[in-house]
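Student: Hi, could we go through this one together? I'd like to start with the sheet and then look at some packing.
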Amino acid sequence: MTSPLPEQALATPESLRSWVAGIEAGSSDGSAREPFTRLPDAATKLVVRVEGDGTSDALVVGPRTRASYHASERVVSCVQVRLGPGTARPLLGVPALELVGRIVRLGALPDASARQLARELKGLEPAEVVGHLAEVLPERLPARTDQGRREVLRAAVEALSTTAGRTPAPIHDLARRLAVSERQLRNLFAEGVGVSPKHFARIDRVRHVLAHAAEGSWAGLAASTGYYDQSHMTADFRTLMGVPPTSYFNGRLPDAGPCQALTRI
């Protein structure tokens, strides 16, 4: 099974690390590609891509609440910037909630700063994008940001993320620990992430299952990921992925590369 689009993680410049969760680049060599899977993903992404004819565009890819499955795509190269929690409104002028399930041109957003950035990125090669963002964003974003809200949101995202040896915190306990109400926490997530705290945790847990499925039994993975039991994990997986875990892994398609985040919804 071949990877649909070769990709590589790029180093995030120091000046962008408080705003950016990761950067990837990808390209296609034009050979035949297999169908692929777009996984659920709570992140909002800024993508600059160049088509086979040399035309370029800057797009915003909103959070994906469920997996989807697609045929191969045309030749492109691109760089994908995963925005950190709370970055969507300062950078794009819209809350993340308005971007869920959508792919929009950066220049089509109503915010003047977003349209300016689209003009600056148009015509750049993917290799030039990160350097440009590192140069212009640090000066533009702080003045548009409520730092206190971002810090609470980032702490909540970390607490609700599944990692080895740690499962997501209960929502009511997390709200109390952060000295906010559950309603305030939901509002922070709607604006800064695009999905509710509960749905963010579900997406992150399913992605953890996808990443660690080969490491042990289903029952053991369910326990280590914070599910009540294996049946709970299977039900959650089916809801987000469309099929149960065994069916998915028996016929697994390659995961989408960064450029394939742009498949039509």
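Predicted model: local features only at pLDDT ≥ 70, side-chain atom pairs only at ≥ 80, totals over all residues.

Student: Great. What is the strand order in the open sheet?
Tutor: The order is 1-2-7-4-5-8, so to read it off, six strands form this open sheet with antiparallel pairing.

Student: And which are the edge strands?
Tutor: Strand 1 (7-10) and strand 8 (103-105), each of which pairs on one side only.

Student: How much is the twist from one strand to the next?
Tutor: It averages 25°.

Student: Back to the pairing: how many bridges link strand 2 and strand 7?
Tutor: Seven bridges, in the antiparallel sense, between residues 20-27 of strand 2 and residues 76-83 of strand 7. As an example, Gly22 has Arg82 in strand 7 as its bridge partner.

Student: Which strands does helix 3 lie across?
Tutor: Helix 3 (residues 126-140) lies across strand 1, strand 2, strand 4 (45-51) and strand 7. Its angle to strand 7 is about 25°.

Student: New topic. At what angle do helix 7 and helix 9 pack?
Tutor: Helix 7 (residues 197-212) and helix 9 (residues 230-241) pack at about 100°, and their axes are 10 Å apart. The two helices are therefore roughly perpendicular, a label that covers 65 to 115 degrees.

Student: Which residues meet there?
Tutor: Helix 7 brings Arg202, Ile203, Arg205, Val206, Val209 and Leu210. From helix 9 come His232, Met233, Asp236, Phe237, Thr239, Leu240 and Met241.

Student: And what is that contact by class?
Tutor: The contact of helix 7 with helix 9 has eight nonpolar, two polar and three charged residues.

Technical notes: Residues numbered from 1 in each chain as written. Heavy atoms only, no water. Axes fitted to C-alpha atoms, helices over the stretch in contact; angles between N-to-C directions. Helix = DSSP H or I, 4+ residues; strand = E, 2+ residues; numbered from the N terminus. Parallel < 35°, antiparallel > 145°, perpendicular 65-115°, else oblique. Contact = heavy atoms within 4.5 Å. Nonpolar A, V, L, I, M, F, W, Y, C, P; charged D, E, K, R; others polar. Pairing = 2+ DSSP bridges.
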